[in-house]
Amino acid sequence: MKTVLLFFLLTSSFFARESITRYDVFATLFGKVGYCDVLIKEDGSTYEVKVTAQTIDVAALLLKERVETFESRGSIKNGKYIPNIFIKTKKTTKRTRVQTYTFNHEKKEVLLVEEKVKIVNKTRFDSQDFKFVTREVEEKSRKEELLDPFLADDTLSIYLNSKYGCDEAEKKHAIFAIGAHNDKNKIYYECLTDKTKAAVQQKFGSDAHIIYNLHVEPFDKDDKVVDTLFVYDKDGLLQEGLMDEIFWVGSMRAVRVSHKIVN
């Protein structure tokens, strides 16, 4: 399930000044499983990105109507996106979890505040009516912690910055970011060049400009690495994303269906 939602997040476009973009997401075994809306604003010195991943039909049923949103806000310095705050929100029919990460780059600290709301059924005996009564109540929790080790990027800022990786001499880049990295599996992206890139351009057209493979190592080392191909056009907009086959889902594909410049 997590892999499907991660794919929603990764199939996003981050290069226009202020825009709204939608991607439809398809899985081999289920057809269309959801969509991803991306809103980005930037003015040259600050940025704001919000990604909303929504499941539909069978996927929504399996994931309990899950909706995830990811927000990153911060500054732009020398063309690099530096996050100040990153917010992950996950909602299902009866649970909500909000994780807010606040970055202090001078102290090299990230403060995580996690808030949870869970709807549970509580049963009590009504002595007046002489019967048991069940009703839904909210259970809330909140915790704070400083994360260790310090990571300077979040999931969205690292992908905002990935457009520069393919212009460097080194074409393979490890990803260390809040919301993406952990110590159990490695994530990195590798830019396609020469004949490999030309073969993809032949399939997707001459507008295919920035092309890279995202590699996610599995938790179980006996499983294969899941690769996702990202194809961006000359304007820096994602044309299409293609994920290798994974267990029970099959291959996945994200297709840009609309793009609107707000200003």
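This is a predicted model: local features need pLDDT of at least 70, side-chain atom pairs count only at pLDDT 80 or more; totals for chains, interfaces and linings use all residues.
Strand β1 comprises residues 18-27, and strand β2 comprises residues 31-42. The two strands pair in the antiparallel sense, with 10 bridges between them. They form a hairpin in which three residues separate β1 from β2. Within this pairing, Thr21 has Val38 of β2 as its bridge partner. Seven of the 10 residues of β1 are buried, and the strand is therefore largely enclosed by the rest of the structure.

Strand β4 spans residues 67-77 and includes Ser72. Ser72 has a relative accessible area of 0% and is accordingly buried. In sequence, Ser72 and Asn84 are 12 residues apart, while their C-alpha atoms are 7.7 Å apart in space. Thr96 is partly exposed, its relative accessible area being 24%. Between Thr96 and Lys118 there is a separation of 22 residues in sequence, against a C-alpha to C-alpha distance of 6.5 Å.

Electrostatic contacts were examined next. Side chains of opposite charge can pair when their charged atoms come close. The structure contains 11 salt bridges. One of these salt bridges joins Glu114 and Lys143, with 3.9 Å between the closest N and O atoms. Glu114 belongs to strand β7 and Lys143 to strand β8 (residues 131-146), so this pair ties together parts that lie 29 residues apart in sequence. The two partners fall into separate accessibility classes: Glu114 is buried, with a relative accessible area of 10%, whereas Lys143 is partly exposed at 45% relative accessibility. Lys116 also takes part, and the residues Glu114, Lys116 and Lys143 are linked in a network of salt bridges.

A further salt bridge is formed by Glu71 and Arg73, the closest N and O atoms being separated by 3.7 Å. Glu71 has a relative accessibility of 19% and counts as buried, because the class is defined as under 20%. In the salt bridge between Glu138 and Lys140, the closest N and O atoms are 3.9 Å apart. Here Glu138 is exposed, with a relative accessible area of 53%, and Lys140 is likewise exposed, with a value of 65%.

Surface patches of two kinds were identified. A nonpolar patch of about 400 Å² consists of Phe125, Phe130 and Phe132. Of these residues, Phe125 is located in strand β7, which runs from residue 109 to residue 126. The relative accessible area of Phe125 is 38%, and the residue is therefore classed as partly exposed. A negative surface patch is formed by Asp167, Glu168, Glu170 and Glu190. Asp167 is situated in the loop between α3 (155-161) and β9 (172-174). With a relative accessible area of 65%, Asp167 is exposed.

Several backbone features occur in loops. Asn78 lies in the loop that connects β4 to β5 (80-91). Although Asn78 is not a glycine, its phi is positive, at about 55°. Asn78 is also exposed, with a relative accessible area of 85%. A positive phi of about 55° is likewise found for Lys108, which is not a glycine. Lys108 occupies the loop between β6 and β7 and is exposed, with a relative accessible area of 56%. A cis peptide bond, with omega of about 5°, joins Asp148 and Pro149. Pro149 is placed in the loop between β8 and α3.

Conventions. Residues are numbered from 1 along each chain as its sequence is written. Side-chain values use heavy atoms; hydrogens and water are left out. Patches are made of residues with over 30% relative accessible area and no salt bridge: like charges are joined within 9 Å, nonpolar side chains (Val, Leu, Ile, Met, Phe, Trp, Tyr) within 5 Å. Accessible areas come from the Shrake-Rupley method with a 1.4 Å probe; for residues, only the protein chains shown count as cover. A salt bridge is a side-chain nitrogen of Lys or Arg within 4 Å of a carboxyl oxygen of Asp or Glu. Lys and Arg count as positive and Asp and Glu as negative; His and the chain ends are not counted. The place of a charge is taken as NZ of Lys, CZ of Arg, CG of Asp or CD of Glu. Helices (H or I, at least four residues) and strands (E, at least two) are DSSP runs, numbered from the N terminus. Buried means under 20% relative accessible area, exposed over 50%, partly exposed in between (1.4 Å probe, protein chains only). Two strands pair if DSSP finds at least two bridges between them.
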